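These are my notebook entries on a structure that is new to me. I set down what I looked up, entry by entry.

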Amino acid sequence: MAWSAPIYVYLWLAGMAGGAYFAAFIADRFTGGGNRQLFRLATYLGIPMAVIGVILLIVDLGKPIRFWHLLTEFNVSSPMSMGTWILFAWVLIAVVLVVIWWSERFFDRGMPRSLQRLTSFLGGINVIFAVLLMTYTGVLLAVSNQSLWAGSVLLPCLFVASAISTGIAILIVGAMITNASTEVRLALNQCSRASDWTISNRTIVRLAEADAGVIVIELLALVSYAVWLANSSMAGASEGLSILLNGSLAAPFWIGVVLLALLIPLWLDIANWGKQIGSNKRVAMVIASSSLCVVIGGLILRAVITIGGQS
Amino acid sequence: MPKARLIDTSKCMACRGCQVACKQWNELPAESTEQLGTYENPPELSAHTWIRVEFRERPGEWLFRAHTCMHCTDASCEKVCPTGAISHQEEVVIIDQKTCIGCGYCVEACPFHVVHKDEVDGTSRKCRFCIDRITNGIEPACAKTCPTGAIQFGERADLIDMGIRKAQKLRADGFPKTNFYGEDEMGGLHTLYVLTERPSVYGLPEAPELATSAALTKWLIGLVTAGVVAAVPLWLVFRRKKQLSEEQQSKVEGGVK
């Protein structure tokens, strides 16, 4: 097996980084800049996830020292080469955005308009790279000769849906953790006002609602992908599928993917529908559990597909 | 004129001379293997075994096929290689061991399961078509050693003629399923076969496909999923919020008036 744990963890992290950025970008722009903190949180979360993913990828190479060869080649037909450049571009722009945000404090009268326009422009450009990044995690496997990966053109669809779903979920988890730490710091008088980082409970609820919608799309993508494989002309496609459905990977597939990544969070989100996070902590707990299921289930999805394709 | 080798399965007696000659010429180490209930050995191609006689043990009939790199004209391994380590030298598909980073993509992309990653060295390895021999006018070690002429080396065009005629003859002589493999597959293979059974019986794909054949479609499907399909729930949810805030705003403005 040429590709194992470091690869699927990397695909999961890179997809989640792209998905979080994509979701936060939409949440921010569609509300006319109403979710700036969420957008920043997505960028701050995405950079370490992408960087850890790259480190895993390099360590997994047969010759890690030679990874720089990836940066001297631009091969359009190789999804790995394209992915290298997409990842490189996304991280680079994200870091530039962070540097600009940090520099804000040096301007007495707020950020100049030109810089504001630049961040807005770079943020928009990077959402294209985020979409390409999510897509690449699926295309990487789909462009191969392993029947489970290449037997259906819908694998990128499934992986993109999973990337956005896990991305939204990690945003929810991240937002809850930052909010909680802000509360603690306020209580300890370590900061004077509710910091810029606070993400409103309303936004968190909306993210959970959006994730329910994305999970439905992911569920449809999974079913279509499986049906396509079952009818694929590619040799070994239906055998590959049966490894997931009733073969050696059936347990992680049904429990980890179908239940944990899809049905349980969907059920939790529906049960929570229309409720707001208030003094009652139960709603928040349900949203947090649902999000954690999505994040862990997303990893299991990447794992079973990566391992199943090579067995 | 491109060279090729023609493997005639009707002549192969599974002596495995090709395996030994390949190991000798390329100085490849032996592998310790286990008895798996078959005379086939080693159990699969590896980074150190670049040609191997595959057995199909059926009652009353054994089929043998030397399995090695096809040196495809349209090579999946070359297409997906992210560092340009895999290239064509004339008809030979060769891995530059100094540029290979050991990412394993060629292993996943090869439709014939030929490329393998060396676990110790870390780079991908496979048959080099004895490029050092053929550029000096000597046939590859496997063809040179083959005692029955089951592996022949020569001009590709000549071997195609020879293979098609041999397949016709075998079909007439009581092997009705005999077929010639490799003329058009993957843009034309440089390892050609006369097969006495369907390719799938010998473990060959009936219709091998280039790994990158539907790549554009796969990219587009991913992009559409994100940009169009999955954006909808996010848009629905957050657009609603915008309307709300506008309502609130108008209330505030109304209050000021």
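**Entry 1: A salt bridge within chain B**

I began with B:Lys3, which is partly exposed, having a relative accessible area of 27%. The model I am reading is a predicted one. I looked for a partner of B:Lys3 and found a salt bridge with B:Glu155, where the closest N and O atoms are 3.0 Å apart. B:Lys3 belongs to strand β1 (residues 3-8) of chain B and B:Glu155 to strand β8 (residues 151-155) of chain B, so this pair ties together parts that are 152 residues apart in sequence. I also checked the accessibility of B:Glu155, which is partly exposed with a relative accessible area of 23%.

**Entry 2: A second pair in chain B**

I next looked up B:Glu197 and B:Lys177, whose side chains meet in a salt bridge (4.0 Å, N to O). I placed B:Glu197 in the loop between β10 (191-195) and α7 (215-256) of chain B, and B:Lys177 in the loop between α6 (156-172) and β9 (179-181) of chain B, so the pair ties together parts that are 20 residues apart in sequence. Is B:Glu197 buried or exposed? I noted a relative accessibility of 10% for B:Glu197, so this residue counts as buried, the limit for that term being under 20%. B:Lys177, in turn, is partly exposed, at a relative accessible area of 46%.

**Entry 3: A network, and the total**

I then noted a network of salt bridges that links B:Glu40, B:Arg52, B:Glu54, B:Arg56 and B:Arg65. Over all chains, I recorded a count of 17 salt bridges.

**Entry 4: The salt bridge between the chains**

How many salt bridges are there between chain A and chain B? I recorded a count of 1 salt bridge. The side chains that meet in it are those of A:Lys63 and B:Asp121, at 3.4 Å from N to O. I checked the accessibility of both partners: A:Lys63 is partly exposed with a relative accessible area of 23%, and B:Asp121 counts as partly exposed at 23% relative accessibility.

**Entry 5: The contact between the chains**

I turned to the whole contact, which takes 59 residues from chain A and 50 residues from chain B. Chain A and chain B bury about 4,600 Å² between them, and 67% of that is on carbon and sulfur atoms. Which three residues supply more than any other three of the area that chain A buries against chain B? I found A:Phe30, A:Asn145 and A:Arg206, which supply 14% of it.

I counted polar contacts as well, and there are 19 residue pairs in polar contact between chain A and chain B, both residues being at pLDDT 80 or more. On the side of chain A that touches chain B, the elements that give two or more residues are α1 (5-29), α3 (79-103), α4 (113-142), α5 (147-150), α6 (155-187) and α7 (201-230) of chain A. The largest share of this side, 9 residues, comes from α7(A). I sorted the residues of this side by kind, and they divide into 36 nonpolar, 16 polar and 7 charged.

I looked up A:Thr43, which has its place in helix α2 (residues 36-60) of chain A. A:Thr43 is buried, with a relative accessible area of 0%. What does A:Thr43 touch, not counting residues up to four places away in sequence? I listed A:Tyr21, A:Ala94, A:Val98 and A:Trp101.

A:Ala42 also lies in helix α2 of chain A, and A:Ala42 is buried with a relative accessible area of 0%. With residues up to four places away in sequence left out, I listed A:Ala20, A:Tyr21, A:Ala24 and A:Leu171 as touching A:Ala42.

**Entry 6: Cysteines**

I searched for disulfides, and the count over all chains comes to 0.

Methods:
Residues are numbered from 1 along each chain as its sequence is written. Chains are lettered from A and ligands numbered from 1 in the order in which they are written. This is a predicted model: local features need pLDDT of at least 70, side-chain atom pairs count only at pLDDT 80 or more; totals for chains, interfaces and linings use all residues. Side-chain values use heavy atoms; hydrogens and water are left out. Helices (H or I, at least four residues) and strands (E, at least two) are DSSP runs, numbered from the N terminus. Buried means under 20% relative accessible area, exposed over 50%, partly exposed in between (1.4 Å probe, protein chains only). Contact means heavy atoms within 4.5 Å. Buried area is the accessible area (1.4 Å probe) that two parts lose on being put together, summed over both. A polar contact is a pair of N or O atoms within 3.5 Å; within protein, one must be able to donate a hydrogen and the other to accept it, and residues adjacent in sequence count only if both atoms are side-chain atoms. Ala, Val, Leu, Ile, Met, Phe, Trp, Tyr, Cys and Pro count as nonpolar, Asp, Glu, Lys and Arg as charged, and the others, Gly among them, as polar. A disulfide is a pair of cysteine sulfur atoms within 2.5 Å.
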